[in-house]
Amino acid sequence: MNDALDVTLRLLIVFVVFLSFPLIVGQTEHKVMAHMQGRLGPMYAGGFHGWAQLVADGVKFAQKEDVVPAGADRRIFQLAPAVALLPYLLVLLAIPIGPGEGAAGQVVDAGIFFVLAVMGVGVLGSLMAGWASANKFSLLGGLRTAAQLLAYELPMLLTAASVAMAAGTVSLIGILDAFEWWWLPWQIVGAIVFFVAGLAELQRPPFDMPVADSEIIFGAYTEYTGLRFALFLLAEYAGIVVLCGLTTVLFLGGWHGPWGADGLGWVWTLLKTAVLAFIVIWLRVTYPRLREDQLQKLSWTLLVPLSLAQIALTGIVKVVIQ
Amino acid sequence: MTLAATVGRLAADPMSTAAGSPGFLSPTGVEIAFLLVGLVTFGAAVVTVTTRQLVHAALWLVVALGGLAVEYLLLTAEFIAWVQVLIYVGSVVVLLLFGLMLTRAPIGRSPDADSGNRWAALTVAVAAAAALVWVVVDAFRTTWIDLDGPAAGSTRVTGASLFQNWVLPFEALSVLLLAALVGAIVLSRKAKADSARTARATSAERDTPAALAEPDTRSDTEGAR
Amino acid sequence: MAEPLPPTRPRIPGSGLAKGLAVTLRTMTRKTVTEQYPDAQPELPPRTRGVIGLFEENCTVCMLCARECPDWCIYIDSHKETVPAATPGGRDRSRNVLDRFAIDFSLCMYCGICIEVCPFDALFWSPEFEYSETDIRDLTHERDKLREWMWTVPAPPALDPGAEEPKELAAARKTADKLAAQQEADRATEPHADEQARAAEQPTRPAGDSKQQTDQPRPEQEGRE
């Protein structure tokens with residue numbers, strides 16, 4: 001019975017985190033982006049500096065009509081948002097927040113593979129949406145999504161493998177247990193490659209060619225309205241949380257910090273994740289969108305070689321240490 | 001689906017300890033789950049090859065491959081399960097869908113999706129399946145996987161057996177894949193060179209565009225480096 | 001820190017990317033330029049062209065504004081009144097009386113030609129801009145409204161310290177000087193009656209105009225809620 005209670009409690013916590021963190025990231029994006037552009041951002045909803053803007057948005061989405069285009073493949077069209085969103089929920093289950101029993105992330109032995117595999121499934125949602133909408137722009141968006149995923153999955157995997165090599169385990173907890181501070185400079189190239197590839201996989205600017213609104217409206221999500229559209233947006237922001245959490249766990253040492261080791265480990269994890277989320281927003285504000293060919297070029301001619309070099313470096317250092 | 005399986009496994013664990021000795025008559029929870037998932041996988045696979053909607057076929061393939069991953073998971077081969085999801089669902093099916101979208105992306109039934117020699121295909125499929133089943137059954141016979149002990153398919157165990165007992169096939173496969181990779185690069189580069197030559201030939205006929213096109217392509221390749 | 005990968009440039013790789021990041025970060029620490037308009041009134045520059053006000057005492061119903069208006073958005077009605085002769089035995093004079101002066105601001109394109117063309121300085125730019133209506137027909141504003149806006153017209157900005165005198169003042173002074181000189185001369189010789197009369201007449205008008213413009217009340221925030 002204790003097991004079942006544990007599982008339900010854990011699911012509940014993850015669900016709450018899943019619902020709140022993406023909203024926090026979204027609100028931060030509103031405000032940070034606005035101030036980086038010399039604006040104020042939302043100021044009215046909720047009274048104090050528009051803190052309830054995303055809640056208001058959610059209410060608005062819920063009120064909207066749920067339209068399915070006549071030519072669309074109804075069932076797949078309606079299923080796609082769930083396919084896009086659920087994997088991130090699953091991944092959140094596996095990310096360790098702090099050391100010890102209380103935190104999630106104990107269940108999975110091959111943690112890295114679990115996380116990367118399930119994140120890859122999420123992209124299927126975009127593909128399904130792109131195809132089932134019966135819309136040229138959606139189809140183009142789906143195509144670009146697929147091409148981008150194929151290009152960026154590889155460097156992401158390779159850099160994750162580099163960390164796994166360094167730690168000698170593929171379990172996320174095991175990696176954190178083995179973490180030493182000097183891994184930071186050792187794996188820095190891998191960290192950057194992983195982060196950039198993850199951004200590309202999430203289709204965040206500057207890698208948002210699949211949803212480039214100025215040329216293909218909103219890519220695969222063009223035909224979506226109301227709650228289903230909101231689910232796609234939620235998936236994007238949940239993806240940011242997951243990516244930042246993963247980068248934190250894999251490359252930045254998760255709950256390890258200069259002080260406050262016992263009991264406050266989760267604060268470090270959350271802090272590092274928040275800083276990374278800020279960087280995600282910062283990058284979005286700063287850089288213009290990459291063209292499709294530049295996207296592919298960046299991955300195949302820069303990220304993949306860099307990640308291979310990182311693996312070589314990891315291997316050499318590992319052998320030298322032993 | 002995988003979540004359900006994980007939870008199911010957690011819930012089923014105490015039951016399997018109670019089951020005691022292996023036997024077909026008193027199936028444990030894991031065995032029941034295994035059978036059910038197997039049925040789902042089989043059904044999805046059948047739909048994959050019988051449906052006339054091409055993209056639906058690809059998506060049913062996702063279900064079938066996911067079901068396989070769950071089966072691996074139920075047999076405690078966690079690493080294999082996630083790799084299955086990562087490679088097949090995450091990459092192969094995406095590639096498949098990419099190909100479909102790039103070419104036709106038909107919505108609705110494709111009447112020409114049926115092949116005329118379906119009976120031959122069926123025969124081959126049944127023969128292959130029979131051979132596989134026979135080989136597997138013959139190889140393992142009455143081997144029982146003890147699900148309650150230390151996981152037999154954890155990453156550590158899988159890695160150890162892969163690099164101790166099966167290192168030669170592994171290396172052979174690696175070389176094969178490498179050869180395929182090099183071959184693909186050679187083919188694509190040859191095609192590129194051909195197209196570049198034809199482009200140069202056509203642009204040479206027109207005078208001014210040639211001068212414009214040349215530095216352009218050069219800067220492009222420089223950017224690539 | 002996690003800035004994306006360096007571009008292929010001969011300079012320090014990534015310096016451009018870092019520069020971009022620095023710009024956005026610096027902007028974030030600075031004060032925003034957003035004007036929270038309904039909560040805070042905007043700082044309008046002098047000579048803001050918000051709406052057109054009418055100083056109807058100056059209007060002589062010459063119709064120049066209505067005729068020059070590219071949109072034909074000015075409506076003027078008037079009638080003639082006969083003013084009895086001021087002196088016995090004199091001739092009765094007729095005078096135009098303004099009945100209606102309306103501007104349709106749904107048509108007006110704020111070119112300002114009417115203001116430029118008015119020979120008697122009856123039309124002015126007012127900085128008032130909050131006059132939206134829920135019905136497009138209500139945007140045709142009549143003379144009372146146009147007059148209200150007149151009181152929001154600010155005084156013309158002061159001249160620069162070393163600036164030339166305004167044309168009107170210069171002309172007035174010149175005429176006055178001339179007149180004085182003539183009167184000096186008159187003491188000696190017999191004056192030409194008609195010239196003197198014209199000279200006496202001239203200074204009044206332009207000087208009167210400029211005085212009127214500066215004497216207007218300056219209730220800057222009057223029309224705003």
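Me: A residue is called exposed when its relative accessible area is over 50%. In this predicted model, why is Trp166(B) called exposed?

Reply: The relative accessibility of Trp166(B) is 52%. The cut-off for exposed is over 50%, therefore Trp166(B) counts as exposed.

Me: Where in chain B does Trp166(B) lie?

Reply: Trp166(B) is found in the loop between H6 and H7 of chain B.

Me: What makes the nonpolar surface patch of about 520 Å²?

Reply: The patch is formed by Leu162(B), Phe163(B), Trp166(B), Val167(B) and Leu168(B). Two or more of its residues come from each of helix H6 (155-164) and helix H7 (167-205) of chain B.

Me: How do you know how much area chain A and chain B bury between them?

Reply: Buried area is the accessible area that two parts lose on being put together, summed over both. For chain A and chain B this comes to about 3,000 Å², with 79% of it on carbon and sulfur atoms. Helices H1, H3, H4, H5 and H12 of chain A each supply at least two residues of the side that touches chain B. H4(A) gives the most to that side, with 10 residues.

Me: Why is the count of salt bridges between chain A and chain B zero?

Reply: A salt bridge needs a side-chain nitrogen of Lys or Arg within 4 Å of a carboxyl oxygen of Asp or Glu. The count of such bridges between chain A and chain B is zero.

Me: What is found between chain C and chain A, in buried area and in polar contacts?

Reply: The area buried there is about 1,900 Å², of which carbon and sulfur atoms give 74%. Seven residue pairs are in polar contact across the interface of chain C and chain A, both residues at pLDDT 80 or more.

How values were computed. Residues are numbered from 1 along each chain as its sequence is written. Chains are lettered from A and ligands numbered from 1 in the order in which they are written. This is a predicted model: local features need pLDDT of at least 70, side-chain atom pairs count only at pLDDT 80 or more; totals for chains, interfaces and linings use all residues. Side-chain values use heavy atoms; hydrogens and water are left out. Patches are made of residues with over 30% relative accessible area and no salt bridge: like charges are joined within 9 Å, nonpolar side chains (Val, Leu, Ile, Met, Phe, Trp, Tyr) within 5 Å. Accessible areas come from the Shrake-Rupley method with a 1.4 Å probe; for residues, only the protein chains shown count as cover. Helices (H or I, at least four residues) and strands (E, at least two) are DSSP runs, numbered from the N terminus. Buried means under 20% relative accessible area, exposed over 50%, partly exposed in between (1.4 Å probe, protein chains only). Buried area is the accessible area (1.4 Å probe) that two parts lose on being put together, summed over both. A polar contact is a pair of N or O atoms within 3.5 Å; within protein, one must be able to donate a hydrogen and the other to accept it, and residues adjacent in sequence count only if both atoms are side-chain atoms.
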